[in-house]
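Let's take a friendly walk through this structure together. Please have the viewer open as you read.

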Amino acid sequence: MSWYSLCDGTVRSGTVYVMEQSMSWFGVTSCVSLQLFARLEGRRCLTNIEPRLFPEDGGPDHGEVVELYGTEGTGKTELLYHLLCRCVLPEAASGLEVDVVFVDTDYSLDMFRLVSILDSRLTAAPPTSLSLAEPNEAALRSCLSRLLVVHCSSSSQLLLTLHFLETSLSSRPGLALLLLDSISAFYWLDRCEGGASIGRQEEKLSKCAELLGRLLRDYRITVFATCHTIRRSYSGPSSSSSSESDRQYLCRPWQRLVTHRLLCSRQEAANNMAATGGIREQRRRQVFTVHCTSSSSSCSRSSSFCVTDGGVEFI
């Protein structure tokens, strides 16, 4: 498990960091004080993180979880990049200017892609909105300083990460968003290790969900997590969406946390395989659809977007 602080490029072992934090009584006392301050300090509400994704009654509130569900190649990770950029960008560039933790369990985080999107957004910002004394490179560094990246390769590491996350939440009151890509990455590994016992198969993810639930209550952060489709049956007609029972295959503690679901699918244009245009042009013609539902509201919303060199563009 590795932690990346993008402001200085430092990589630290999560276990070593915890040991460093507990080296002295003074450090422990300070940590307790920071926890109290962080719980009392109001974190940024992200209900307006992306109005085009959610119904008119608003997006996720404090302490809520959004699950992005769909098959591979339906734009889930690109949507996470879009939301991440929206959060770390300065307010002058239509951002929310809050800190973000990105937990990468698939080892699919493309930093070059992310930096490219950030650079495009900064370049597209009105010239008068950003200080002329601050070139794009300095603004980009400022954005990345609000991002903490964590890589995990097992459910056990994910559980350790969430334990450590409390330290980050205590020391960074501006940290408002946790991104998980993806929450289902270790599903098959956990099933294999758990043997025939369903309880043992779900034990690690259940512990992660229970700990995450406590962090949501205590620190009122917002969580977005991707979840990959598992095809249980190959019979019957194909469909871009599945029934509710087919979608909710993760453990019950996780299901209880989820307050919003974004069902992601991909539409192929009729002329997508035309001889002209090439691969890049075909990619530009691909349209992705997102259907949002909420556990607390009967309202829903569908929206469409395409992926460009500058990131997600809603249609």
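## Confidence in the model

Keep in mind that this is a predicted model. The average pLDDT of the chain is 81, and 73% of the residues reach at least 70. Residues 7-29 are a stretch to treat with care: their pLDDT is below 50. Beyond near neighbours in sequence, residues 7-29 have 25 contacts in the model.

Another such stretch is formed by residues 271-276, where pLDDT stays under 50. For residues 271-276 the model has eight contacts beyond four places in sequence.

## Helices H6 and H8

Now turn to helix H6 (residues 155-171) and helix H8 (residues 198-219). Their axes are 9 Å apart, and the two helices pack at an angle of about 10°. With angles under 35 degrees counted as roughly parallel, H6 and H8 are therefore roughly parallel to each other.

On the H6 side, the residues that meet H8 include Leu158, Leu159, Leu162, Leu165 and Leu169, along with Ser155, His163 and Glu166. H8 contributes, among others, Lys204, Lys207, Cys208, Leu211, Leu212, Arg214, Leu215 and Tyr219. By residue class, the contact of H6 with H8 has 10 nonpolar, four polar and four charged residues.

## Cavities

How many cavities of 30 Å³ or more does the structure hold? There are three. The largest cavity has a volume of about 120 Å³. It is lined by 14 residues, of which Phe186, Tyr187, Asp190, Gln201 and Leu205 are the closest to its centre. H6, helix H7 (187-194) and H8 each give two or more residues to this lining. The lining of the largest cavity is made up of eight nonpolar, three polar and three charged residues.

Of its 15 lining residues, Gly73, Gly75, Lys76, Thr77 and Glu78 are the closest to the centre. Which element gives the largest share of the lining? Helix H3 (residues 76-88) does, with four residues. The lining of the second largest pocket divides into three nonpolar, six polar and six charged residues.

## Two backbone details

Finally, two places deserve a look along the backbone. Asp181 and Ser182 are joined by a cis peptide bond, with omega about 5°. Ser182 belongs to the loop between strand E6 (175-181) and H7.

The other place is Glu97, in the loop between H3 and strand E4 (99-104). Phi of Glu97 is near 55°, a positive value in a residue other than glycine.

Methods: Residues are numbered from 1 along each chain as its sequence is written. This is a predicted model: local features need pLDDT of at least 70, side-chain atom pairs count only at pLDDT 80 or more; totals for chains, interfaces and linings use all residues. Side-chain values use heavy atoms; hydrogens and water are left out. On a 1 Å grid over the protein atoms alone, a cavity is a set of points where a 1.4 Å probe fits but cannot get out, and a pocket is an open set with protein on both sides within 12 Å along at least five of seven lines; lining residues have an atom within 4 Å of a point. Ala, Val, Leu, Ile, Met, Phe, Trp, Tyr, Cys and Pro count as nonpolar, Asp, Glu, Lys and Arg as charged, and the others, Gly among them, as polar. pLDDT is the predictor's confidence in each residue, from 0 to 100. Contact means heavy atoms within 4.5 Å. Axes are lines fitted to C-alpha atoms, for helices over the stretch in contact, and angles run from 0 to 180 degrees between N-to-C directions. Angles under 35 degrees count as roughly parallel, over 145 as roughly antiparallel, 65 to 115 as roughly perpendicular and the rest as oblique. Grid points are joined across faces, edges and corners, and a volume is the space filled by probe spheres set on the points.
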